[in-house]
Amino acid sequence: MLARALTATVIGVEAFVVEVEADISFGLPGFSLVGLPDGAVKESKERLRAAIKNGGYDFPTHRITVNLAPADIKKEGTGFDLPMAAALLAATRVLPQEVLDRHLLVGELSLDGRVKPARGVLSVALTAQKHHFRLVVPHENAPEAALVHDLEIIPVTSLADMVEILSGRRQPQQVMVPSCPILQEIPDLAEVYGQEHAKRALEIAAAGGHNLLFIGPPGSGKTMLARRLQGILPPLSYEEALETSKIYSVAGLLSPRQPLLQSRPFRAPHHSISDAGLIGGGSHPRPGEVSLAHNGVLFLDELPEFRRNALESLRQPLEEGEVTISRSALTVTYPARFQLVVSMNPCKCGYFGDPHHPCQCTSQEVRRYRNKISGPLLDRIDLHVEVPAVKYKDLGAGRSGEPSREVRKRVEKARLRQKERFGNAQRLNSHMNNLEIRKFCALSPEGQSILEKACQRLRLSARAYHRILKVARTIADLDASAEIRPPHLLEAIQYRALDRPLV
Ligand SMILES: Nc1ncnc2c1ncn2[C@@H]1O[C@H](COP(=O)(O)OP(=O)(O)OP(=O)(O)O)[C@@H](O)[C@H]1O
Ligand SMILES: [Mg+2]
């Protein structure tokens, strides 16, 4: 007797429909599983046997063959338990085949027949909707599946529950999308006293999507400032929220209480993080921090402490907005378009250039410390900002600064100008290529002469030249100006702290 059930496998963040065929034939009892299953799927056999028996059904005592098709894509994870059990139950006529043909099923089984949550259900739900299937999901995953419009969802708690519902003897439960968002505490810029220069740089970074580096002595507020970028970025659009939530779903990090991400992610991994943790990977590939920061901020605090390899591997996502992970059996791609913010001390002891503290480092040590982050990574950071120690006068005065929501209003206006320029809300000044720079960053003769002089005097590279133009474009947008004028340019030139030679 042959039967089939449908499910989906997630590769990267996309789900593909997979057909589970189960055949029960006479012959020596046995169970073979074919069709490129991975280790986790192979283990299903034992769980299936126990779950079906403990659910109160007969487990076939004949020869069982289960095939996963198409055979050329790797089947990964534990979500195949439920569709395999369904196919076997259809083969033994417990479930009607014609009902299974209209459903996509996903879920892991425990030995007693309970259905446990699976990863990547949001991606599976989008695929189910696209192909007009009804979706059978573990009860815990129902809220994330419910984010997808025009999709009928059947949450199940156990194998027996699924059989009762699919046989029409029990009504499925209604799924509620949690409607009240959990308010996340995002620190406010008003808590930072003084540091107007750094705050302004933060606003420019938010407006144009520029990567940003803070450099300054210990305790000057670098970490504090960086953590406040999230609060001045524009809110996520529904499409962006769905895109990022899909990544969290695949990583198994989506909360049933709040399945749709409400604010831009802010990820701050510790410097001891592994390459796989940062970029993604592992034997069962999972998205890394760069993907969890998709449409948000990746903050690397104490940059020189990160291993060089890890920093080098940031090049691909910074350039292409995605990461590709290759393993022997499969290659997956995860989205990874994030804004990078990094912080560092100017030298090993932290006080190089501080007028109030003598620096203990030799100039060679300072150079060696900075060389840890030289090259490709630094190339991709538009704004280098010096954060000096806070003045006691600023701290003592206790005057709080402008609140984040005021700054965010200006950021949103500047982003609107960019949307008109590029015809695409996702494209920002920081993403401009050389052609676009030539088109949108034309300078007056006066501007040209200012930039030329600056490049000579500060010995700036051609690369720095382009970065200055992009930043100047954003500053002009914040100023609601169609042209880049000399004050915009002069301000942009200030944000090249690390391009200047050490003195
Ligand atoms: N401008 C400021 N306004 C208010 N508080 C500040 C300011 N700067 C620093 N602080 C206080 O000092 C503490 C340390 O700041 P923070 O951790 O951001 O420094 P840092 O520059 O990251 O130092 P390190 O180089 O050691 O990492 C903050 O928690 C805050 O209490
Ligand atoms: Mg810090």
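Lys246 forms a salt bridge with Glu14, with 3.4 Å between the closest N and O atoms, a salt bridge being a side-chain nitrogen of Lys or Arg within 4 Å of a carboxyl oxygen of Asp or Glu. The model is predicted, so that local features need pLDDT of at least 70 and side-chain atom pairs count only at pLDDT 80 or more, whereas totals for chains, interfaces and linings use all residues. Residues are numbered from 1 along each chain as its sequence is written, and side-chain values use heavy atoms, with hydrogens and water left out.

An automatic or database domain assignment divides the protein chain into domain 1 (2-166), domain 2 (189-424) and domain 3 (432-503). Between domain 1 and domain 2 the count is 1 salt bridge, and 19 residues of domain 1 are in contact with 23 residues of domain 2, contact meaning heavy atoms within 4.5 Å. The area buried between these two domains is about 1,700 Å², 66% of it from carbon and sulfur atoms; buried area is the accessible area (1.4 Å probe) that two parts lose on being put together, summed over both. In domain 1, Val13, Arg119 and Leu147 lose the most area to domain 2, together 33% of what that side buries.

An open sheet of 5 strands, paired in parallel, has the order β11-β14-β17-β10-β18, where strands are DSSP runs (E, at least two residues) numbered from the N terminus and two strands pair if DSSP finds at least two bridges between them. Its edge strands are β11 (266-267) and β18 (383-386). Strand β10 (residues 212-215) pairs with β18 over 4 bridges, and Leu212 stands opposite Leu383 in β18.

Note on methods:
Chains lettered and ligands numbered in written order.
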